[in-house]
Amino acid sequence: MGSVGKESINEAQPRSYWRWSKKDFFPEESFQSWSNYRSALSQTGLRFKDRLVGRSDDANEVGEVRKESENDMKKCLSWWDLIWFGFGSVIGAGIFVLTGQEAHKHAGPAIVLSYVASGISAMLSVFCYTEFAVEIPVAGGSFAYLRVELGDFAAFIAAGNILLECMVGNAAVARAWTSYFTTLLNRHTNSLRIHTNLADGYNLLDPIAVVVLVVASTIAMTSTKKTSYFNWIASAINNIVIIFVIIAGFAHADTTNLSPFLPHGAEGVFQAAAIVYFAYGGFDNIATMAEETRNPSRDIPLGLLGSMSLITVIYCLMALSLSMMQKYTDIDPNAAYSVAFQSVGMNWAKYLVALGALKGMTTVLLVGALGQARYITHIARAHMIPPWFSLVHPVTGTPIYATLLITISGSCIAFFSGLDVLSSLLSVSTLFIFMMMSVALLVRRYYARGITPQRDALKLMIFLILIIASSMGTSAYWGLNPKGWLGYTMTIPLWFFATLGISVFLPQQRAPKVWGVPLVPWLPSLSIATNLFLMGSLGAEAFIRFGICTVVMLIYYVFVGLHATYDLAHQKSSKTVDEEDTGNPNP
């Protein structure tokens, strides 16, 4: 009795947050011994089939899965915080970094059209994220939503791309931070980087980028609310600079710089749109903060839709002001706005712009560290990666281990890789996840497990395949023959009639509880088409890198992720059966 009592007391005592035993990383049965692991590998086919069809649900994500973190995150955010997080997360990376690069290389003055195209596509994705975030207010964002609607395997593919997006996105912005810092010091953009004999694109080592990432992550680990206060101040300063850039840019506008408006044709516009789409990618960080939002059904729509609408207008105005200030051939791809003001005689303005850009990119890194750590936390809660990374600190209410993961990995990438290498890879990953989110929204509206007749489920699958195939066909035809039109006479009608088929022949199985995407299935279907089209506008190198990363993810899944998630799912199902048998669900 004494030993039993001692064990009960030990179990009742909370475990220390600072721990790193094997059980914390690999608590699943498959990893407790080599014989268990060999047995698990021999069942890989059966386990894969199980996880392919396995689904979570809203209640499980909001309830049981969150318990893996042991401590709750603090509900401390309002719609006001979320709007400013939207500004902090998005403005800085794209407009100050990629606008000059893409105007110079691909779009010319038509870079404003690139922002319009990518902005429309981003807003379609924002609608989908908002509906999910209101109904499943957890830290996992798109990972949690896909896990509910498309299953564990689709969620893992998304998880791998989210991890890639987190690491590469932080690295890209940190590298750009260094470029603008050198401009502020009136030095060459690469003067503070270490020059080596490594391959081109990896030969400029950037220790400053690493320091910036570490500082931003340290702030994010201390407190979510304090991070919000810091973000307010930095974003306000950045907005003052943005207003200055727009007014001063138009004051020094020369309309002759807009000619030729389409130097590389429509092909260049869409190539640039696929890259600058990265500028809108930060909005998904807001969805990950739903778990810490006081009133998700009110605050998330206001925060997401409000901030993104304003940001789209700001981006277009800033891109136009840059194109009118300086000829696209003379735009500096590394520090476009600072150099542009210097070219019109406002030498002092380049320091103000560089300071604003630094503030903007600092908030992007800060909010990125906050949101991305929440992605990692929920991925770890599902045991896709070791659950140790899901632990939330009992005092700060923040996921410190998850933040450290993205900081260390992002720092390693930022130290070696150039911005052009990072941005194209990032856009493929981002567009792919947004496309999957639109598919998940259609599945959520038109399919309910145990209710939808098999005949209707089959129809939905066929229509979705036709929508995706026709969208890929449109994108492929554009890439192979930008000046052609014959192929579109087949692909666009196919997309239209497949979407019409969902609208006419399938009843909606679920109505949104509070806020829903309007014009379903048309807007989600259009989001699928635009995301795939923008993906097709990227170069072959981006897809090669994306393919290599996907293969690495799948290898990890076969040997680790599959067995961890299978054990967790069946452990929970066994526990549920035991509780039902005993008639005591809360022993």
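Visitor: How much space lies in the second largest pocket?
Guide: About 750 Å³. Bear in mind that this is a predicted model.

Visitor: Which residues lie nearest its centre?
Guide: Arg55, Leu150, Val439, Val443 and Leu464 do, out of 23 residues that line the second largest pocket.

Visitor: Is that lining nonpolar or charged, and in what numbers?
Guide: The lining divides into 19 nonpolar residues, 1 polar and 3 charged.

Visitor: Which helices supply at least two residues of it?
Guide: α4 (44-53), α10 (152-184), α19 (419-446) and α20 (454-480) each do. The largest share comes from α20, with 8 residues of the lining.

Visitor: OK, α20 then. What does it span?
Guide: From first C-alpha to last, α20 reaches 39 Å over its 27 residues. That is close to the 39 Å expected at 1.5 Å a residue.

Visitor: Which of the residues in α20 are buried?
Guide: Asp456, Ala457, Leu460, Phe463, Leu464, Ile467, Ser470, Ser471, Thr474, Ser475 and Trp478. Leu464 in that list is also one of the residues nearest the centre of the second largest pocket.

Visitor: Why would residues three or four places apart point the same way?
Guide: An α-helix has 3.6 residues a turn, so residues at that spacing point the same way.

Visitor: Change of topic: the largest nonpolar core. Which members touch the most others?
Guide: Tyr115, Tyr129 and Tyr337, in a core of 166 residues. α10 gives the most to this core, 20 residues.

Visitor: And what does Tyr129 touch?
Guide: Leaving out residues up to four places away in sequence, Tyr129 touches Ser142, Tyr145, Phe283, Asp284, Ala287, Leu304, Tyr375, Ile433, Phe434 and Met437.

Terms used:
Residues numbered from 1 in each chain as written. Predicted model: local features only at pLDDT ≥ 70, side-chain atom pairs only at ≥ 80, totals over all residues. Heavy atoms only, no water. 1 Å grid on protein atoms, 1.4 Å probe; cavity = no way out; pocket = protein on both sides within 12 Å on 5 of 7 lines; lining within 4 Å. Points joined across faces, edges and corners; volume = space filled by probe spheres on them. Helix = DSSP H or I, 4+ residues; strand = E, 2+ residues; numbered from the N terminus. Nonpolar A, V, L, I, M, F, W, Y, C, P; charged D, E, K, R; others polar. Core = buried A, V, L, I, M, F, W, Y, C linked by side-chain atoms within 4.5 Å. Buried < 20%, exposed > 50% of the residue type's maximum accessible area, 1.4 Å probe, protein only. Contact = heavy atoms within 4.5 Å. Expected span 1.5 Å × (residues − 1).
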